[in-house]
Amino acid sequence: MSSPGMREASSPLQLCRVMLPDDANIMGTVHGGIILKMIEEAGSIVGTRHCNTQNGDRCLAALVRVEKTEFLSPVFIGEVVHVSAVITYTSKHSLEVQVKVIAENILTGAKKLANKAALWYVPCSLQNVDKITEVPPIKYASAEQEEEGRKRYEAQKGERLETKARVEEAIPPPPNPEDAPKERYTVGFSQSSLIHLVGPSDCTLDDFVYGGVTMKLMDEVAGIVAARHCNTNIVTASVDAINFHRKINKGCVVTVTGRLTFVSNRSMEIEVLVDADPLVEKEKRKYRAVSAFFTFISLDKENKPLNVPPLKIEGEEEQRRFEEGKARYLQSKAKRLAEKERQQ
């Protein structure tokens, strides 16, 4: 239960804006990366506000992890997206922000839940970006609520460390167009990369990239991979936990690479890795900054799910990643069914 010195969490934050053609694909469906960017903006604001309610260094809340996020309903051009964010747990050096996204049709007044997400932030001092400041504790409605938050904190902390160790492997470059063409439906055929120079508009006050900017780039690459594989309209269905292993500084060149790891009858899992290469500071080497798994589905002209072409596996390494992806798919499917049964 709450103890002296604890304070109420910062008031829930609400952001809203209308979705424009620039936010959507050619079918009028808003890109998942746009929604992820708005989610992170709301989380960053409410987290930074809370961490600056105490005396000491001024700080900015830096994103370190996004838990598995389901895209529950598609959002279309012309709809107004309402994003609400509230702090639900604090540890000594981190805080959890839960975000909800509602899409509103302003012509009919109809509203739908489009997305829910949980994000973890750490406060970085503006005086020394390598210093993590303490987070003001919040009050909880009950001891049970605090305990549930602590369990989520311990779980994500362990998963972040495990993932960081696993994703340090180098990813092969995408095929050169001048090389012999890859066979269709293979991993190499659809593997894609984007290269982006980090500029001032991508960054926070302390010259590090906003997490939402990175997530938008990751969604774009994953979408390209999915579209190349099935050659249809595709949309983001979910994002597995996104782990931010290291900060990306202004002036870095980031390479965002996506590759298929697993395909079911109706979905595609795409691993997306972000590598950062300091352009000016030559003494610093290229490093792995972010990693995640995106799930996409294929849709027809009426936005109904289509079957996805099977993935042709080449080699033991691709087979290993396929089996790991299958295990994640079955685990996620079991969780959805269990949640559905609880709601009935």
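Strand S2 (residues 59-66) is largely enclosed by the rest of the structure, because 7 of its 8 residues are buried. Buried here means under 20% relative accessible area, exposed means over 50%, and partly exposed lies in between (1.4 Å probe, protein chains only). Strands (E, at least two residues) and helices (H or I, at least four) are DSSP runs, numbered from the N terminus. The model is predicted: local features need pLDDT of at least 70, side-chain atom pairs count only at pLDDT 80 or more, and totals for chains, interfaces and linings use all residues. Residues are numbered from 1 along each chain as its sequence is written, and side-chain values use heavy atoms, with hydrogens and water left out.

S2 pairs with strand S6 (residues 111-125) in the antiparallel sense, over 7 bridges. Pairing requires that DSSP finds at least two bridges between two strands. Within this pair, leucine 63 stands opposite tyrosine 121 of S6. S2 is also joined to strand S9 (residues 242-244) by 2 bridges, and these strands run antiparallel. Here valine 66 has isoleucine 242 of S9 as its bridge partner.

In soluble globular proteins, nonpolar side chains tend to be buried together. Methionine 218 touches Ile242, Val256, Val272, Val274, Val290, Ser291, Ala292 and Phe294, leaving aside residues up to four places away in sequence. Contact means heavy atoms within 4.5 Å.

Strand S7 (residues 192-197) contains leucine 197. Leu197, Leu279 and Val280 make a nonpolar surface patch of about 320 Å². Patches are made of residues with over 30% relative accessible area and no salt bridge; nonpolar side chains (Val, Leu, Ile, Met, Phe, Trp, Tyr) are joined within 5 Å, like charges within 9 Å. A salt bridge is a side-chain nitrogen of Lys or Arg within 4 Å of a carboxyl oxygen of Asp or Glu. Accessible areas come from the Shrake-Rupley method with a 1.4 Å probe; for residues, only the protein chains shown count as cover.

Isoleucine 195 also lies in S7. Its relative accessible area is 67%, so isoleucine 195 is exposed. Beyond residues up to four places away in sequence, isoleucine 195 touches Val253, Val254 and Thr255. Its C-alpha atom is separated by 25 Å from that of isoleucine 297, 102 residues apart along the chain.

Two loop residues have a positive phi. Tyrosine 185, not a glycine, has a phi of about 75°. Tyrosine 185 is placed in the loop between helix H2 (143-166) and helix H3 (187-190). At 27% relative accessibility, it counts as partly exposed. Asparagine 231, also not a glycine, has a positive phi of about 55°. The loop between H4 and strand S8 (233-239) holds asparagine 231. At 62% relative accessibility, this residue counts as exposed.
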